[in-house]
Amino acid sequence: MKQKLFNPVFLVLASIILPIASFEALVMGSIVASDILLALFCAVMALIIVRK
């Protein structure tokens with residue numbers, strides 16, 4: 001599991017997709033989904049920092 005989380009391809013794709021999905025959820029009016037996706041984005045950014 002740790003290898004999948006620190007996979008650079010996963011981290012880059014997640015860092016691109018999650019903010020877009022969060023914005024789309026916000027536009028559609030789903031505040032809870034937007035907050036969850038934004039929190040996941042923050043977690044991915046933290047993983048990138050820890051990886052360095």
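Predicted model: local features only at pLDDT ≥ 70, side-chain atom pairs only at ≥ 80, totals over all residues.
Residues are numbered from 1 along each chain as its sequence is written, and side-chain values use heavy atoms, with hydrogens and water left out.

The protein contains 3 helices and 0 strands, helices (H or I, at least four residues) and strands (E, at least two) being DSSP runs numbered from the N terminus. Along the sequence, the pattern is α-α-α. The C-alpha atoms fill a box of roughly 35 × 20 × 15 Å, taken along the principal axes. The accessible surface of the protein amounts to about 4,000 Å², with 76% of it belonging to carbon and sulfur atoms; accessible areas come from the Shrake-Rupley method with a 1.4 Å probe, and for residues only the protein chains shown count as cover. Of the 52 residues, 15% count as buried (under 20% relative accessible area, with exposed being over 50% and partly exposed in between; 1.4 Å probe, protein chains only).

Helix 2 (residues 8-28) packs against helix 3 (residues 31-51) at an angle of about 155°, the axes lying 8 Å apart. Axes are lines fitted to C-alpha atoms, for helices over the stretch in contact, and angles run from 0 to 180 degrees between N-to-C directions. Helix 2 is therefore roughly antiparallel to helix 3, a term applied to angles over 145 degrees. The crossing of the two helices is left-handed, as defined by the near helix being turned anticlockwise from the far one by less than a right angle. Contact (heavy atoms within 4.5 Å) involves residues of helix 2 including Leu-11, Leu-18 and Ala-25, and residues of helix 3 including Leu-37, Phe-41 and Ile-48. The residues of this contact comprise 18 nonpolar, 3 polar and 1 charged, where Ala, Val, Leu, Ile, Met, Phe, Trp, Tyr, Cys and Pro count as nonpolar, Asp, Glu, Lys and Arg as charged, and the others, Gly among them, as polar.

Two residues of helix 3 were examined individually. Ser-34 lies in helix 3 and counts as buried because its relative accessibility is 6%. Apart from neighbours within four places in sequence, Ser-34 is in contact with Ser-22, Ala-25 and Leu-26. Val-32, also placed in helix 3, counts as exposed because its relative accessibility is 59%. Val-32 and Ser-22 are separated by 10 residues in sequence and by 9.8 Å in space, C-alpha to C-alpha.

Notes. Parallel < 35°, antiparallel > 145°, perpendicular 65-115°, else oblique.
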